[in-house]
Amino acid sequence: MISKLPIFGLAAVVARIAVPTLATAAGSLSAAHLLGWLGGLTAFGMTLLAVFQEDMKKLLAYSSVGQVGYVVLAMALMTPLGWTAALYYAVNHFLFKGLLFLAVAGVIYRTGVRTFADVGGLIRRMPASFIAVLIGIIALAGVPPLSGFAGKWLLYEALMDKGWLFLTAFMMFASVIAFLYCFRLIHSIFLGQLKDEHRQVREAPWPLLLAELLMIVPILVLSVRPRVLVEPLQHLVTGVFGVPGVRFASATTMTTSFGYFNAAAMMAMVVVLVVVLLVILVTAGAKPTKVNQLDIVYSGELPPSPEEVQYAWAFYRPYEKAFAPLLKARVTAFWNGVVDVVEGIADAGRRFYTGNAQTYVLYSVLFILVLAAFGLAR
Amino acid sequence: MPLGVKIAWSLVGVLVAIAYGLVIAGIIRKVMARIQGRIGPPVWQQFIDLGKVIFQRTATRHGWMFYLAPIFRAGGGIGLYLLVPVVIGVPALSNFSFDGDLLLVMYFIFFGSLGMALGAADSGHPHSPIGISRGLSQMTAYELPFALAMVAMAAEVHSFSIHDIIMVQQGGILHWNILTNPLAAIAAFIAFLGMNMYAPFNIVGAPQEIPVGPPTEYNSVFLSLMMSGRAILAVAKIVLYMDLFLGGAHSILEAFVKTFIIYFWSVFVGAVFPRFRTEQAVRFFLGWPTVAGIAGVLLVLIR
């Protein structure tokens, strides 16, 4: 989780240098706004790139860069609330991204592949890893009731409080794009059709599962009581700004100048709803018969093989088409241009090395002649 | 009000909302049929369908994740409804809206969608991920005009509290947000079309192509919970829009009238327009509706 280190470095530097100047000079204020947009554009761009990855670890890597963009943005707010959001986000991201990397490492370790199209349906073989990834993506997506929502909530409240309205809406947009790769990650690995060569795959080794558990427990604690983390962060932030950003209306309700949010009530509501609905589902109606993997409604045909039924390659092709003019063309064209220039230079250099000894003799003679010409000219 | 009484009232509210959602869906089928020159099913057809799937004699299931989709779909709809105040000043009908602000409501909309996506994908049917891929793509696109409109509404009153947003609209029709900030309202109401997934944004379910989309494999009680969940989710969304743009409601009757009008905006658009492909829908939402949303936020900034 080295990607978080610069954040704390940034925090330390900004806390010592920029904050005092900020009160006096109007110029440094716009620099913070620029940094904010830089963070916002990073979050958006990297999230979008993560959506189109076909490799598990590349997807997570792009996602991490995007998440750091949110932290930089929150840091650039230069308000107590913004800093609380940034630090909460950084710690929370450390937890869920660590969890996701560990779980995906387990899958790669057991199957030996890391492309989405090569796996699928592994929930039947690796249920514990599945649950770890599930908790990880819910926290990443910021969907209630897990800890990620408090991070998003703090960020948006801080942005609105500062008055950066367009960045608020832009970040809401970027956060929703993250759902795309979250679903991609869990679906392509664990859901859908299990491939024949993976029928004997075992659950990830227990040390990995133990490490995952060490990440899951704090995530669940933070989900019910974000205060556990927000309160110590408040002390840090108050040390810099002199005032806290978030207030606690009750033991579990956080309030800001803009809104309120009760994490424990949220969690209680979700748990009650899920339990009641599960009871209804299990007790009412006919007892369901479990069917085989390929027993699906298949337009009157027999489903051929898991490979052909699983929908995994180029999962968001239409989305890629929609964003083609914005992203693909420019980024690819830029790097193609760089490649062309480098290749051109290398190719021009290569022409001198013909591999023919006589050419090299010719070069030597020509070189001596040039030297001689210089000598004569003097 | 003691918590037990509040829960009891909320339960009544949830059941009424589900019934109302089913009736609306029945009226839609009738309206669509009349537009296409058919007589159409009776208005209570949705209740008959619901009864039919509940009492099916056989049922099938896939893995244990298969149970998640109906639970999250219904839980997401009920939860969303519980977070939105229905009638102003009546504690029994303001549900649990004091436990979370507009941000929580916005994120709770995703709770059902993501949960259903996960459960449906466990069925192993290719139509599920195809439909989900389309649905999520479309969802991100309408989120941008929607978010801009929500930001404009919240910035106006300097609060994310839905109660504050309702209260600023009191004192006559001229105070409603739909008239005080028509640009943000345009962005939000176009985003609403995408949210409801009627034509032109119905490629997710895409009849005649990937029949019903994500819930292809669902049957019996599973399907009945999904139908109820969809019904209450639709009601929760229109109640939210009523609170945000039409000044909330002072009586249950007013709530019915206003929500009905909001809902039929998307039905009538759906009856007239053909279907967008996914990338066309994405580009559409990121075009003029987004411009309207940006203009709506600017309107708040210059005031």
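Glu279(B) counts as buried, at 7% relative accessibility, where buried means under 20% relative accessible area, exposed over 50% and partly exposed in between (1.4 Å probe, protein chains only). This is a predicted model, in which local features need pLDDT of at least 70 and side-chain atom pairs count only at pLDDT 80 or more, while totals for chains, interfaces and linings use all residues. Residues are numbered from 1 along each chain as its sequence is written, chains are lettered from A in the order in which they are written, and side-chain values use heavy atoms, with hydrogens and water left out.

**Salt bridges**

- Glu279(B) forms a salt bridge (a side-chain nitrogen of Lys or Arg within 4 Å of a carboxyl oxygen of Asp or Glu) with Arg277(B), the closest N and O atoms being 3.0 Å apart.
- Arg277(B) is partly exposed, at 47% relative accessible area, and salt bridges with shared partners join Lys321(A), Arg277(B) and Glu279(B) into one network.
- Arg184(A) and Glu54(A) also meet in a salt bridge, at 2.9 Å from N to O, and Arg184(A) is buried at 1% relative accessibility, as is Glu54(A) at 18%.

**Second largest pocket**

- The second largest pocket holds about 750 Å³ of space; on a 1 Å grid over the protein atoms alone, a pocket is an open set of points where a 1.4 Å probe fits, with protein on both sides within 12 Å along at least five of seven lines, and lining residues have an atom within 4 Å of a point.
- Its lining has 31 residues, and among those nearest the centre are Val272(A) and Leu11(B).

Key
Grid points are joined across faces, edges and corners, and a volume is the space filled by probe spheres set on the points.
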